[in-house]
Amino acid sequence: MIEQPNLDYIKEISGGNADFEKKFLTIIQTEFPKEKQDYIETLEGNELEESAKIVHKIKHKLGILGLTEGYKLAVKYEEDLKYGNTNLKGEFLEILQSVEKFILKIA
Amino acid sequence: MRCIIVDDESSARAIIAELCKIIPEMEVVAELPDALEALKFLKHTPVDLIFLDIHMPKLTGVDFIETVNNPPKIVLTTSDKDFAIEAYKYEFIVDYLVKPITPERFQKCVQRLEKTFEKIQQEHPETVMSQNEDEDLYINIDRRLIKLKFMDILLIEAHGDYIEIQTQKNRYRVHSTLKKIKEKLPESRFLQIHRSFIINFTQIIDIQDNSVLIERNVIPISRSNRPELMQRLNLL
């Protein structure tokens, strides 16, 4: 079963500061959909170096949302993309979809 | 320790800023979305430390390091674990944090910073941290940090949740309290003379009955604050 995003890290950082948690989730809800869209567009346009840069940004968010395995996969995928290898795109897309679903759920 | 956070991701900036709140000595004076903004900012505002992301568009963290004059201490932040060895090529780089940064790792970084600054103070006692205690104060107006020289401030007046800072040329409305600003002002120059007023007593023109005149402002003196004011004056 694919691992699920969670807010454990955010809660650890916030130390119970609800304002920060709210502010932070708003940032994620704003940044992530755009990054996902940019990633898809660059991938479709075969601009793989650009895709790698976006994966680099997204992997930080995967770490923040507790997706340890997703983070590892993103690290590998980012490197692969730099060499023109898109073999992991299907698995990476699944992770992006689970994050998107999670973001919508907490909105 | 005055610092800035430079990162193109708002989420990364927000996390570092939140982590900094745990450290009382740490003051985040600006969060900047790219290295060019940081270069501009540093031209007019000295800081002790920069949390610097490596992977940024326009100018990368490395480009920034190669460009900036007299850099303060820098803590690199990145999601790229493989950059660590290269990072320590530069003597002003104190630490290297891999994102997402854990609170424990951040604490270790702060300890390392404290040791670094202690060492600097021991080796170069003339070095002062950029607190600017005796010179100026930064106020946040519409996300812009405005520098006010202490000598230019005439008085500060409380208005509910806001204070109004009157200088020689302007009046600034800031969301803060007299108590908070009092902590930032040098006692050698400022004094609270009423529950709603702090004055720069070097700017007093005259004192009459229970009021002082500063430029064209007549400020009341409360009975309880009057003795301290009189004590501070160089009376003949």
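In strand β15 (residues 217–220) of chain B, Asn217(B) is the bridge partner of Ile214(B). Helices and strands here are DSSP runs numbered from the N terminus, a helix being H or I over at least four residues and a strand being E over at least two. Strands count as paired if DSSP finds at least two bridges between them. β14(B) and β15(B) meet that condition with 4 bridges, in the antiparallel sense. They form a hairpin with 2 residues between the strands, and Glu215(B) takes a positive phi near 50 degrees there. This is a predicted model, in which local features need pLDDT of at least 70 and side-chain atom pairs count only at pLDDT 80 or more, while totals for chains, interfaces and linings use all residues. Residues are numbered from 1 along each chain as its sequence is written, and chains are lettered from A and ligands numbered from 1 in the order in which they are written.

Chain A is built otherwise, with 5 helices and 0 strands. Of its 107 residues, 29% count as buried, where buried means 20 or more other C-beta atoms within 10 Å of the residue's own, exposed 12 or fewer, and partly exposed in between, with C-beta atoms placed from the backbone. Among contacts in chain A with a separation of 6 or more, 51% come from residues 24 or more positions apart; a contact requires C-beta atoms, placed from the backbone, within 7 Å.

Helix α5 (residues 89–106) of chain A has 18 residues and reaches 26 Å from its first C-alpha to its last, close to the 26 Å expected at 1.5 Å a residue. The expected span is 1.5 Å times one less than the number of residues. Phe92(A), Ile95(A), Leu96(A) and Val99(A) are buried in α5(A). They cover an arc of only 100 degrees around the axis, which puts them on the same side of α5(A); the arc is that of the directions from the helix axis to the C-beta atoms. The buried residues of α5(A) pack against α2 (18–44), α3 and α4 (68–82) of chain A. On the face turned away from that buried side lie the exposed residues Gly90(A), Gln97(A), Lys101(A), Leu104(A) and Lys105(A).

α3(A) is mostly covered, with 12 of its 17 residues buried. Among them are Ile54(A), Val55(A), His56(A) and Leu62(A). The end C-alpha atoms of α3(A) are 24 Å apart, which agrees with the 24 Å that its 17 residues should span at 1.5 Å a residue. Its buried residues pack against α1 (8–14), α2, α4 and α5 of chain A together with α1 of chain B. Just after α3(A), Gly66(A) takes a positive phi of about 75 degrees.

Why does Gly63(A) count as buried? Gly63(A) is buried because 21 other C-beta atoms lie within 10 Å. This residue of helix α3 (residues 48–64) touches Tyr71(A), Lys99(B) and Pro100(B), not counting residues up to four places away in sequence. Its C-alpha atom is separated by 9.3 Å from that of Pro5(A), 58 residues away along the chain.

The contact between the chains takes 17 residues from chain A and 13 residues from chain B. On the side of chain B, helix α1 (residues 10–21) gives the most, with 7 residues. By class, that side has 6 nonpolar, 4 polar and 3 charged residues. Nonpolar covers Ala, Val, Leu, Ile, Met, Phe, Trp, Tyr, Cys and Pro, charged covers Asp, Glu, Lys and Arg, and the others, Gly among them, are polar.

How values were computed: Two residues are in contact if their C-beta atoms, placed from the backbone, lie within 7 Å.
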